Amino acid sequence: MTRTASDGTTRSLRATVQSIEDRLRRGDVPEEGLADFKAAIDDARLRIWAVLSAVGSNEPEAVLLRFRLRRASEICRSVIADLDAGSLGQNQRELLDLRETSREMIRRLDTSIRGVS
């Protein structure tokens, strides 16, 4: 990223957070949108940390791959917690897709772990 693009992105992020703080002071921020924004910021922070770690590494691709795998595991644990808490159920059609994707992932993980191609 060029210096100018990076500076513009930083200014934009700061302005967005400042705007949310200002709206919060006025009591003008819906709670449901705030949780989504926080999740997006958390994800961006983790990704930036991974990129910064990769830049200083002799194997940047390996660092980014480990980050993605750890993040995927974290997301899976979070979905499991939501299932256990009963906050996910029949009303989420995406669970069907997640189930099929999970089954395929398990098949491929088993193959990869065994070293069979």
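**Notes on the predicted model**

1. Arginine 107 has a relative accessible area of 47% and is therefore partly exposed, as the value falls between the 20% and 50% cut-offs. The structure is a predicted model, and the values in these notes should be read with that in mind.

2. Which residue does arginine 107 pair with in a salt bridge? The partner is glutamate 104, with the closest N and O atoms 2.7 Å apart. Arginine 107 and glutamate 104 are 3 residues apart in helix 4, so about one helical turn separates them. Glutamate 104 is itself partly exposed, at a relative accessible area of 28%.

3. Glutamate 104 also forms a salt bridge with arginine 108, where the closest N and O atoms are 2.6 Å apart. Arginine 108 and glutamate 104 are both in helix 4, with a spacing of 4 residues, or about one turn of the helix. Is arginine 108 buried or exposed? Its relative accessible area is 57%, and arginine 108 therefore counts as exposed, the cut-off being over 50%.

4. A network of salt bridges with shared partners should be noted as well: Asp43, Arg47, Arg71 and Glu74 are joined in this way.

5. Arginine 71, one of the residues in that network, is located in helix 3, which covers residues 60–85. Its relative accessibility is 19%, so arginine 71 counts as buried, the limit being under 20%. The side chain of arginine 71 makes a polar contact of 3.3 Å with the side chain of aspartate 43. What does arginine 71 touch, once residues up to four places away in sequence are left out? The contacts are Asp43 and Leu46.

6. Arginine 66 is also a residue of helix 3. At a relative accessibility of 42%, arginine 66 is classed as partly exposed. Between arginine 66 and alanine 50 the C-alpha to C-alpha distance is 9.2 Å, while in sequence the two are 16 residues apart.

7. In helix 1 (residues 3–25), glutamate 21 and arginine 25 are 4 residues apart, about one turn of the helix. Their side chains form a salt bridge, with an N to O distance of 4.0 Å. That value sits at the cut-off, because a salt bridge is counted within 4 Å. Glutamate 21 is partly exposed, with 36% relative accessible area, whereas arginine 25 is exposed, with 61%.

8. How many salt bridges does the structure hold? The count is 12. Among them are the pair of glutamate 21 with arginine 25, the pair of arginine 107 with glutamate 104 and the pair of arginine 108 with glutamate 104.

9. Which residues form a nonpolar patch on the surface? Met105, Leu109 and Ile113 do, and together they have about 330 Å² of accessible area. Methionine 105 belongs to helix 4, which runs over residues 94–114. With a relative accessibility of 47%, methionine 105 counts as partly exposed.

Notes: Residues are numbered from 1 along each chain as its sequence is written. This is a predicted model: local features need pLDDT of at least 70, side-chain atom pairs count only at pLDDT 80 or more; totals for chains, interfaces and linings use all residues. Side-chain values use heavy atoms; hydrogens and water are left out. Helices (H or I, at least four residues) and strands (E, at least two) are DSSP runs, numbered from the N terminus. Buried means under 20% relative accessible area, exposed over 50%, partly exposed in between (1.4 Å probe, protein chains only). A polar contact is a pair of N or O atoms within 3.5 Å; within protein, one must be able to donate a hydrogen and the other to accept it, and residues adjacent in sequence count only if both atoms are side-chain atoms. Contact means heavy atoms within 4.5 Å. Patches are made of residues with over 30% relative accessible area and no salt bridge: like charges are joined within 9 Å, nonpolar side chains (Val, Leu, Ile, Met, Phe, Trp, Tyr) within 5 Å. Accessible areas come from the Shrake-Rupley method with a 1.4 Å probe; for residues, only the protein chains shown count as cover.
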